[in-house]
Structure formats: structure tokens, C-alpha cells
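Student: I have a model open and want to learn how to read its features. Can you take me through them one by one?

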Amino acid sequence: MSRGRFITLEGIEGAGKSTVAKFAVAWLGRHNVAVRLTREPGGTPLAERLRQMVLERGTETVSPATETLLMFAARGLHVQNVIRPALERGEWVVCDRFTDATRAYQGSGRGVDSSLIETLARVVHPDVQPDCTLLLDLPPAHGLIRARSRAGGGADRFEAETVEFFERVRAGYLELARREPERFHVIDAAAPLMEVEHRVAAALARLNPPARARK
Ligand code: T5A
């Protein structure tokens with residue numbers, strides 16, 4: 001049994017990752033792929049508890065380094081209990097955010113040293129790297145309107161950040177994509193959804209899924 005493929009979705013708030021993730025799962029299903037949809041931070045019961053802790057706007061100060069450690073703590077649980085076992089069973093995994101989010105948000109957004117992030121990545125998932133990353137790129141002002149209208153006013157700790165913060169995050173993502181053009185597919189997320197889905201399908205097709213299922 002060959003190892004499954006690991007596909008990650010990245011982008012700022014409201015870029016359309018969750019929407020595209022569902023499309024990707026349905027597309028892969030039509031191509032006979034056993035696929036698992038998951039997300040970060042979260043993906044296991046304990047990691048979902050960490051997600052709640054890291055996203056909620058409480059009264060305690062959470063330093064950028066602490067935030068980074070919490071993200072990797074959740075990621076360690078997720079990789080060990082969900083992602084690695086699924087890939088080893090030959091399933092494909094579609095994950096809404098992974099370590100590139102830490103590079104962009106904690107690294108570029110908050111100024112955490114990249115050497116800390118890369119050290120933690122090597123410790124937590126030395127053997128698990130995305131085969132394909134779909135970066136949904138969108139101006140922050142546009143994404144925040146989408147995200148905040150959907151959040152119903154209850155912005156989390158990240159959604160409450162400034163546009164300048166998200167400009168840094170977006171620039172960080174684009175720099176990662178520039179460095180790894182084989183892995184990243186940068187998709188204009190301001191385009192109509194059908195067009196975005198068309199670009200996503202083209203990127204997935206490059207991973208050579210099995211033949212399309214017969215109707
Ligand atoms: N985080 C996470 C870190 O800081 N470091 C890390 O290491 C990790 C893993 C939670 C937060 O954690 C931070 C980043 C985040 O702030 P999250 O749950 O992924 O991460 O949260 P959000 O990014 O806030 O997710 P959102 O749900 O807001 O954004 P999505 O999933 O990108 O957007 P989606 O699909 O829900 O779409 C938003 C709206 O836009 C519409 C959709 O219908 C929906 O209403 N839409 C479009 N409309 C028009 N045209 C299109 N092309 C559209 N695509 C979507």
C-alpha cells in the first residue's frame with residue numbers, strides 16, 4: 001500500500017479555505033480517493049481543546065512564543081493520532097492549515113524567530129510534510145469582511161487583529177510560495193468561487209489521483 005498524499009490549505013481569514021476544502025474532498029472522492037478532511041489547530045479531541053484555548057479572547061496575555069508552542073502542541077497530537085496513521089493507511093489527507101500557518105502568523109505576523117518554528121517542525125513532524133499546498137490569496141480587507149460577516153460579530157483573537165497584521169501574514173505566505181513553487185499553488189481567492197474551484201481541481205489533478213470513478 002503506498003502512502004497517501006498530504007494536501008494543505010492556507011490563507012488569511014475569509015480566504016475560502018473551509019469552502020475549498022469541502023470541494024477538494026468531493027473532487028477527490030469522485031476520483032476514487034479515500035480522503036480524510038481535518039483542520040488545525042484541532043483535528044483530535046485534545047487538540048480541539050487547545051484550539052479553543054488559543055483562539056478565545058481571554059484576559060491573560062499570550063506571548064507570540066507561547067502561541068507558537070500551543071500551535072505545535074496541538075499539531076503534535078494531530079499528526080500522531082490522525083494525519084500520520086491516515087497517510088500510512090494510504091488515505092489522502094486534506095488539512096485546513098498546517099505549519100505554513102505558523103510560519104505566516106507567528107513568524108511573519110508576530111515576529112517569532114523562524115529558527116524556533118523550524119526546530120519545532122522538525123521535532124513534531126520530521127516525516128510528515130505537505131505534498132501540495134493550496135494558498136488562497138486575497139487582500140486582507142476583503143477577507144476580513146467575509147470572515148467577520150460570517151462570524152456574526154464574535155471575532156476570535158486573530159480575527160480581531162489589524163489589517164496591517166494580516167498584510168504581514170499575507171506577505172509571509174507569498175514569500176513561502178516563492179521559495180517552494182513546486183509545492184505551492186497560489187490561487188486568486190477574490191475570483192468567483194467557480195473559478196477558484198477550477199484552479200483547485202487543476203492543482204489536485206497534478207497529484208495523479210486514480211482514474212475518475214465510473215458513474
Ligand atoms: N493559526 C492557525 C495560527 O495563527 N497559527 C497556526 O499554526 C494555525 C494552524 C484559526 C486561526 O488560527 C490561526 C489562524 C486563524 O486565525 P481557522 O479556523 O482556519 O484558523 O480560521 P479562519 O481562517 O478564521 O477560517 P475562516 O473560516 O474565517 O476562513 P476560511 O475557511 O478561509 O473561509 P470560508 O471558507 O469559511 O469562507 C468565508 C466566507 O466567504 C465565502 C464563503 O461562502 C463564506 O461565507 N467565500 C466566497 N465568497 C465569494 N467568492 C469566493 N471565491 C469565496 N470563497 C469563500
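Student: Where does Asn32 lie?

Tutor: This is a predicted model. Asn32 sits in the loop between helix 1 and strand 2. Its phi is positive, about 65 degrees, although Asn32 is not a glycine.

Student: Is Asn32 buried, partly exposed or exposed?

Tutor: Read the relative accessible area. Buried means under 20%, exposed means over 50%, and partly exposed is in between. Asn32 has 47% relative accessibility, so Asn32 counts as partly exposed.

Student: Which phi does Asn208 have?

Tutor: A positive one, about 55 degrees, and Asn208 is not a glycine. Asn208 is in the segment after helix 8. With a relative accessible area of 61%, Asn208 is exposed.

Student: What kind of peptide bond joins Glu40 and Pro41?

Tutor: Look at omega. Here omega is about -10 degrees, and the bond between Glu40 and Pro41 is cis. Pro41 belongs to the loop between strand 2 and helix 2.

Student: Next, the ligand. How many residues surround the ligand, and which are the closest?

Tutor: 28 residues surround the ligand. The closest are Lys17, Ser18, Thr19, Arg97 and Arg150.

Student: What are the distances from the ligand to the side chains of Lys17 and Thr19?

Tutor: Read a polar contact as a pair of N or O atoms within 3.5 Å. An N or O atom in the Lys17 side chain is 2.6 Å from a ligand oxygen. For the side chain of Thr19, the distance from an N or O atom to a ligand oxygen is 2.5 Å.

Student: Now the pockets. What is the volume of the largest pocket, and which residues lie nearest its centre?

Tutor: Start with the volume, then read the lining. The largest pocket has about 780 Å³. Its lining has 35 residues, and Lys17, Ser18, Asp96, Arg97 and Arg150 lie nearest the centre.

Student: Which elements each supply at least two residues of that lining?

Tutor: Helix 1 (17–30), strand 2 (35–39), helix 2 (45–55), helix 3, helix 4 (99–109), helix 6 (140–151) and helix 8 (193–205). By class, the lining of the largest pocket divides into 16 nonpolar, seven polar and 12 charged residues.

Student: What about the second largest pocket: how much space lies in it?

Tutor: About 360 Å³. The second largest pocket is lined by 19 residues, and closest to its centre are Asp100, Arg103, Glu118, Leu176 and Arg179. By class, this lining has five nonpolar, seven polar and seven charged residues.

Student: Which element gives the most to the lining of the second largest pocket?

Tutor: Helix 4, with five residues. Helix 5 (114–124) and helix 7 are also among the elements that supply at least two residues each.

Student: How is a cavity told apart from a pocket?

Tutor: A pocket is open, whereas a probe that fits in a cavity cannot get out.

Student: How many cavities of 30 Å³ or more does the count give?

Tutor: One. The largest cavity has a volume of about 40 Å³. Strand 4 (132–137) and helix 7 (163–179) are the elements that give two or more residues to its lining. Among the lining residues are Gly11, Ile12, Asp137, Arg170 and Tyr173. By class, the lining of the largest cavity has six nonpolar, one polar and two charged residues.

Student: On to the cysteines. How many disulfides does the structure hold?

Tutor: First the general idea. A disulfide is a covalent bond between the sulfur atoms of two cysteines. This structure holds zero disulfides.

Student: Are Cys95 and Cys132 buried or exposed?

Tutor: Cys95 is buried, at 0% relative accessibility. Cys132 is buried too, with a relative accessible area of 1%.

Conventions:
Residues numbered from 1 in each chain as written. Predicted model: local features only at pLDDT ≥ 70, side-chain atom pairs only at ≥ 80, totals over all residues. Heavy atoms only, no water. 1 Å grid on protein atoms, 1.4 Å probe; cavity = no way out; pocket = protein on both sides within 12 Å on 5 of 7 lines; lining within 4 Å. Points joined across faces, edges and corners; volume = space filled by probe spheres on them. Helix = DSSP H or I, 4+ residues; strand = E, 2+ residues; numbered from the N terminus. Nonpolar A, V, L, I, M, F, W, Y, C, P; charged D, E, K, R; others polar. Disulfide = S-S within 2.5 Å. Buried < 20%, exposed > 50% of the residue type's maximum accessible area, 1.4 Å probe, protein only. Near = heavy atom within 4 Å. Polar contact = N/O pair within 3.5 Å; in protein donor to acceptor, adjacent residues only side chain to side chain.
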